[in-house]
Amino acid sequence: MIHSSPSSSVAALACAQWGEDFDDMDDTKDTNVFQGHLASVNCVAWSPDGRYIASGADDTDFILGDGTSGQLLHVLNDQSDMLYSLAFSPDGKYLASGSGDGQTIQYSPDGNRIVTASMGSTSRLWDAKTGELLHTMTDDGAVVVAAVFSLNGRWIATCRSNNTAQIWDARAGALHHTLEGHENIVWSVAWDDQSRRVVTGSDDTTSRIRNAETGEELLASMDGHSEKVTALAFSPDSNALVSGSEDATIRIRSFPGE
């Protein structure tokens, strides 16, 4: 997993080994090596201001370090299981973590809510300040692989094991659309900068772009990979899409915005 700093000049890589590498993307050299974990590192996250970096690992610890120097600041070990997901609040004051089967965790853009997904049949929406469970989003028992807020905070997209993705109303916790068309597990999802389009990637090696409001498929299925599509991201202007696959390739596709 790769997580870029807010300045986009440095990247932190979480690898299946001890420690993280800090890479300067201008000259691609290691600027710092942040060590301290005793087992595989599964997740990393920068604070919004770039001052801190957090990492979580199979050793059940998460480590907070200086985002510039890599100096270890704190080791927190109040978890009882392996850590798989981390997310800073938008104001950088809080850090949420997911352990055990907690595959994804994300703050809403306004920082008031948190969405979580585990390798079970539900995703959950929480009050970020009180910890109160607001909604349990479940439909037909399919395993939820990931859950992601749209950038305007209106929607949550979930990837599922039954070859579908779903769009949920992030306020009401109500199902808005089920997106069909993939022929195998949906592993990845991403939103455009206007929260109008959502793209899904699947074990069937394809990606599909939909209108979030209507569920309409906007482009023909995008082929090209030979293995499952595990990562997706729109460019900042949403006129290009990058996809990563287990075939060890990254593909970039350009298309005009809506």
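How many residues lie between β12 and β13 in the hairpin that they form? The structure is a predicted model, in which local features need pLDDT of at least 70 and side-chain atom pairs count only at pLDDT 80 or more, while totals for chains, interfaces and linings use all residues. Residues are numbered from 1 along each chain as its sequence is written, and side-chain values use heavy atoms, with hydrogens and water left out.

The hairpin of β12 and β13 has four residues between its strands. Strands here are DSSP runs (E, at least two residues), numbered from the N terminus, and two strands pair if DSSP finds at least two bridges between them. Strand β12 (residues 113-118) and strand β13 (residues 123-127) run antiparallel and are joined by five bridges; Ile 114 has Trp 126 of β13 as its bridge partner. Six of the six residues of β12 are buried, so this strand is largely enclosed by the rest of the structure. Buried means under 20% relative accessible area, with a 1.4 Å probe and protein chains only. In a regular strand the side chains alternate between the two faces of the sheet. In β12 both faces are covered, with Arg 113, Val 115 and Ala 117 buried on one side and Ile 114, Thr 116 and Ser 118 buried on the other.

Thr 104 belongs to strand β11 (residues 102-107). Beyond its neighbours within four places in sequence, Thr 104 is in contact (heavy atoms within 4.5 Å) with residues including Val 115, Thr 116 and Ala 117. Ala 147 is also among the contacts of Thr 104, and the backbone nitrogen of Ala 147 lies 3.4 Å from a polar atom of the Thr 104 side chain.

Two open sheets were examined. One consists of four strands in the order β5-β6-β7-β8, with antiparallel pairing. Strands β5 (41-46) and β8 (72-76) stand at the edges with a single partner strand each, so one side of each has no neighbour in the sheet. Between β5 and strand β6 (residues 52-57) the antiparallel pairing extends over five bridges, and Ala 45 has Ala 54 in β6 as its bridge partner.

The other open sheet has three strands in the order β22-β23-β24, paired antiparallel. Its edges are β22 (229-234) and β24 (250-254), each with a single partner strand, so one side of each is left without a neighbour in the sheet. Strand β23 (residues 240-245) runs antiparallel to β24 and is joined to it by five bridges; the bridge partner of Leu 241 is Arg 253 in β24.

Key: Polar contact = N/O pair within 3.5 Å; in protein donor to acceptor, adjacent residues only side chain to side chain. Buried < 20%, exposed > 50% of the residue type's maximum accessible area, 1.4 Å probe, protein only.
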